[in-house]
Amino acid sequence: MLLQNINVTIDGKQVSVPKGTTVLQACETANVVVPRFCYHERLSIAGNCRMCLVEVAKSPKLVASCAMPVAEGMDVKTNSNLVKK
């Protein structure tokens, strides 16, 4: 069974990641560092610390990148003024 790849843009950089990848993992693939505290790849996702918030186009508020799966065409910004607040 072949995994379907999803194309996303992170800080203007196009990346292709497997379906089911979180935004945080996609950022790592793009060599973009997103601060985090409660996330660990071997633990269940808690998303409690809110340290990994990123801006996603067409989303009304910031999203926890550790808990949000990527979607085709998603445009993510990790260093916008809204994220820095």
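Two strands pair if DSSP finds at least two bridges between them. Strands are DSSP runs of E with at least two residues, numbered from the N terminus.

The model is predicted: local features need pLDDT of at least 70, side-chain atom pairs count only at pLDDT 80 or more, and totals for chains, interfaces and linings use all residues. Residues are numbered from 1 along each chain as its sequence is written, and side-chain values use heavy atoms, with hydrogens and water left out.

**View 1. Strand 3 beside strand 5.** Strand 3 and strand 5 (residues 75-77) are antiparallel partners, held over two bridges. Glu55 has Lys77 of strand 5 as its bridge partner.

**View 2. The hairpin of strands 3 and 4.** Strand 4 (residues 63-64) runs antiparallel to strand 3, and two bridges join them. Val54 sits opposite Val63 of strand 4. Six residues lie between the two strands of this hairpin. In the turn, Lys58 has a positive phi of about 70°.

**View 3. The two faces of strand 3.** In a regular strand the side chains alternate between the two faces of the sheet. Strand 3 (residues 53-56) places Val54 and Val56 on a covered face. Leu53 and Glu55 are on the uncovered one.

**View 4. Strand 1 against strand 5.** Strand 1 (residues 5-10) pairs with strand 5 in the parallel sense, over two bridges. Thr9 stands opposite Asp75 of strand 5.

View 5. Five strands make an open sheet, ordered 2-1-5-3-4, with mixed pairing. Strand 2 (13-18) and strand 4 are its edge strands, each pairing on one side only.

Methods
Buried means under 20% relative accessible area, exposed over 50%, partly exposed in between (1.4 Å probe, protein chains only). Helices (H or I, at least four residues) and strands (E, at least two) are DSSP runs, numbered from the N terminus.
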